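The exercises below are meant to be worked with the sequence and the model side by side. Please try each task before reading its solution.

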Amino acid sequence: MTSRPIATTRSVMEVPTGRLAMWWVLASETVLFGGLLGSYVMMRLRHDAWADQAANTNTWAGAFNTLVLLTSSLSAVLAHQAAERGDGPKAARLLRYTILGGGVFLTVKAFEWTHEITEGFTVTSGLFWSFYYTAAGLHGAHVAAGMVIMFIVSLTAARNEELHRVENIGIYWHFVDVVWIFLFPLLYIAK
Amino acid sequence: MPEHAHAAAPRHDETSYVAIWGVLCVLLGVSVLGPMAGIRFLTLITAFGIAIVKAYMVCRYFMHLNIEKKWVAYILGFMLALMLVFFGGVAPDVLRHEGLRWQKTYVEPATLGGAATSGGER
């Protein structure tokens with residue numbers, strides 16, 4: 001006897017349960033990242049010295065990572081499109097491109113952090129750096145989690161199974177992209 | 001129709017998604033180059049104003065909030081409103097240097113080198 005997850009068989013308020021659950025996850029994530037970014041803005045307004053601290057972050061690395069995430073979002077939405085057309089193998093291939101984008105993002109971040117820590121800027125070097133490592137680290141953890149889940153989804157999608165998951169993980173990935181869109185100017189440009 | 005598709009949803013084709021991505025890349029370029037002028041107002045507009053536009057475009061076209069059920073957007077909007085309540089409630093104290101029985105003693109450490117120590121607040 002086979003059983004299917006309830007997310008694939010039930011639709012609440014005309015939204016499939018799986019996608020509905022994803023929206024609720026993102027609603028809670030909005031508060032999580034919103035609170036963090038709101039706190040950052042609050043503190044930043046009172047600490048002009050933070051502009052000097054932010055001058056030590058690498059704008060070009062941040063801009064490159066933004067480009068990488070925007071491009072990975074493109075491949076994620078194209079994967080969703082392929083899934084809607086019933087082309088699971090293509091969706092899986094595009095999801096793996098997205099995973100690759102996440103890998104590039106984290107690699108650049110690792111080089112950045114290595115350089116900054118070598119220069120002596122650690123999480124205890126001041127409020128700015130505490131926020132910097134907390135916000136970028138939390139975001140990086142979400143990128144890593146998304147990559148793992150996306151890989152699992154790509155395995156089933158390649159067999160043309162559970163294609164609705166392609167959209168759900170895509171929505172999550174776009175949200176991670178949106179968070180970075182706000183982190184980039186806050187951490188790299190406001191100098 | 002697949003069970004995961006939006007009901008009666010107008011879909012974008014591949015070209016339009018690439019076009020939206022192109023616009024996002026151009027906006028990214030502007031948000032990087034704009035602040036280089038060193039004008040504070042221009043920095044705010046190009047960095048943060050454009051970030052809002054980019055986020056809106058990703059939510060609308062990539063996350064398909066434009067064709068999702070309206071109440072999904074309302075839920076997310078409500079969460080953003082909660083964030084504003086948090087900001088409005090806490091910011092007045094955070095933005096002050098002293099209060100009735102407290103004074104901010106925190107001093108931002110020197111920018112060069114990471115061995116700086118941080119002070120505290122009471």
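**Exercise 1.** Among contacts in chain B between residues at least 6 apart in sequence, find what percentage join residues at least 24 apart.

*Solution.* Begin with the rule that two residues are in contact if their C-beta atoms, placed from the backbone, lie within 7 Å. Applied to the pairs in chain B at least 6 apart in sequence, this rule gives 27% that join residues at least 24 apart. Then read the secondary structure, where helices (H or I, at least four residues) and strands (E, at least two) are DSSP runs numbered from the N terminus: chain B has 3 helices and 0 strands, in the order α-α-α. Lastly, of the 122 residues in chain B, 20% are buried, a residue being buried if 20 or more other C-beta atoms lie within 10 Å of its own.

This is a predicted model, in which local features need pLDDT of at least 70 and side-chain atom pairs count only at pLDDT 80 or more, while totals for chains, interfaces and linings use all residues. Residues are numbered from 1 along each chain as its sequence is written, and chains are lettered from A and ligands numbered from 1 in the order in which they are written.

**Exercise 2.** Determine where in chain B the pLDDT falls below 50.

*Solution.* Take first the mean pLDDT (the predictor's confidence in each residue, from 0 to 100), which is 79 for chain B, with 76% of its residues at 70 or more. At one place, residues 1–5 of chain B, pLDDT stays under 50, and the model has 10 contacts beyond four places in sequence for them. Residues 114–122 of chain B also have pLDDT below 50, with 25 contacts beyond near neighbours in sequence.

**Exercise 3.** Describe the side of chain A that touches chain B.

*Solution.* Count first: 53 residues of chain A are in contact with 46 residues of chain B. Next, name the elements of chain A that each supply at least two residues to this side, namely strand 2 (15–16), helix 2, helix 3 (49–54), helix 4 (59–84) and helix 7 (164–189). Finally, sort the residues of this side of chain A by class, which gives 28 nonpolar, 18 polar and 7 charged, where Ala, Val, Leu, Ile, Met, Phe, Trp, Tyr, Cys and Pro count as nonpolar, Asp, Glu, Lys and Arg as charged, and the others, Gly among them, as polar. For the complex, the predictor gives an ipTM of 0.89 and a pTM of 0.87.

Methods. A residue is buried if 20 or more other C-beta atoms lie within 10 Å of its own, exposed if 12 or fewer, and partly exposed in between; C-beta atoms are placed from the backbone.
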